[in-house]
Amino acid sequence: MAACCSGGGLIVALALCFVAASPAEAVCVEVDSVDRVVVNDTIKLTCISCRKRQEQDAFVDVTWTFQPKGENTTAVDILVMKRNGENIKVMNPQFEIGRIRLASSKDYQEVSLEINDTKLDDMGTYRCHIYRILVMPTVPYPPEFHLTKTIHLTVLPEPFMDVTAKVSEVMMYFMIVASTVLLIFTLITCYKQVKQADIDKRNKVTDLLVIAPVNKENCATEQAEEELKSSS
């Protein structure tokens with residue numbers, strides 16, 4: 001009875017641990033953005049800023065700026081988001097509404113910029129400015145955090161070939177083919193060895209079967225000769 005109670009207590013403890021661990025929180029990982037795109041395509045300029053534990057309650061403001069490629073160019077605001085998405089505005093006529101949008105997560109740790117129907121004029125430097133203000137009602141001037149991420153976007157008129165990716169793909173197929181050939185060769189070699197061992201075993205059995213009658217005949221001959229000698 002004690003064992004049953006002990007087992008039941010273990011199950012209850014495991015159940016409580018499972019409930020306490022659920023639901024699992026999403027893991028935030030900061031990754032680099034793609035920086036190449038073809039004309040008339042869609043690209044997402046990734047901008048991720050993972051919060052620290054003490055920054056869970058915060059207001060987030062985001063400003064995306066664009067500086068065209070070339071000399072004597074200045075950066076201009078193209079998209080502004082205030083107070084956790086309460087107000088999002090497209091600021092530049094080059095990026096009309098519908099061609100760019102804010103691709104953000106619910107907690108605004110990701111505030112990426114998606115550009116549709118890309119053009120050659122979209123080539124240049126993009127900067128993602130993140131302003132995070134901690135929510136502290138009792139503090140007159142709560143702490144603020146500022147982060148800027150820069151992306152140099154290249155827009156190509158034709159599809160480009162990533163040499164590194166192609167070489168990796170060729171090497172992958174080569175390794176697959178080489179592994180397959182090696183496996184087939186190993187199987188054939190093992191089959192031949194097993195077959196040869198079986199043949200050798202059969203030959204030994206045949207030799208034993210041939211030697212046994214010969215020995216019997218020799219014994220009969222020797223016995224007859226002895227009988228003849230004794231009778232004489």
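The dialogue below walks through the strands, sheets and aromatic rings of a predicted model.

Student: How do I read a sheet, and what is the strand order in the open sheet of six strands?

Tutor: Strands of a sheet pair through backbone hydrogen bonds, and the pairing is either parallel or antiparallel. In the open sheet of six strands the order is β1-β9-β8-β3-β4-β5, with mixed pairing. The edges are taken by β1 (36-38) and β5 (87-90), each of which has a single partner strand, so one side of each lacks a neighbour in the sheet. Ignoring direction, neighbouring strands of this sheet are turned by 20 degrees against each other on average.

Student: Which residue is the bridge partner of Val62 in β4?

Tutor: That partner is Met81. The two strands concerned, β3 (residues 58-68) and β4 (residues 76-82), run antiparallel and are joined by five bridges.

Student: What is the order of the open sheet of three strands?

Tutor: Its order is β2-β7-β6, and the pairing is antiparallel. Here β2 (43-45) and β6 (100-104) are the edge strands, each pairing on one side only, and the twist from one strand to the next averages 30 degrees. Three bridges join β2 to β7 (residues 111-115), and Leu45 stands opposite Leu113 in β7.

Student: How do I read aromatic rings, and which residues form one aromatic cluster?

Tutor: One looks at the distance between ring centres and the angle between ring planes, where planes over 60 degrees apart count as edge-to-face. The cluster consists of Phe66, Phe95 and Tyr126. Phe66 and Tyr126 form a tilted pair, 4.7 Å centre to centre with 35 degrees between the planes; Phe66 lies in strand β3 and Tyr126 in strand β8 (residues 124-134), 60 residues apart. The centres of Phe95 and Tyr126 are 6.3 Å apart and their planes stand at 70 degrees, so this pair is edge-to-face. Phe95 belongs to the loop between β5 and β6, 31 residues from Tyr126.

Student: Is Phe95 buried or exposed?

Tutor: Phe95 counts as buried, because its relative accessibility is 0%. Tyr126, also with a relative accessible area of 0%, is buried, and Phe66 is buried too. For the protein as a whole, buried residues make up 23% of the 232 residues.

Student: Which residue lies over the face of Phe59?

Tutor: Arg83 does, at 4.6 Å from the ring centre.

Conventions:
Residues numbered from 1 in each chain as written. Predicted model: local features only at pLDDT ≥ 70, side-chain atom pairs only at ≥ 80, totals over all residues. Heavy atoms only, no water. Buried < 20%, exposed > 50% of the residue type's maximum accessible area, 1.4 Å probe, protein only. Pairing = 2+ DSSP bridges. Helix = DSSP H or I, 4+ residues; strand = E, 2+ residues; numbered from the N terminus. Axes fitted to C-alpha atoms, helices over the stretch in contact; angles between N-to-C directions. Phe/Tyr/Trp six-rings, centres within 6.5 Å; stacked < 30°, edge-to-face > 60°. Lys NZ or Arg CZ within 6 Å of the ring centre and 35° of its normal.
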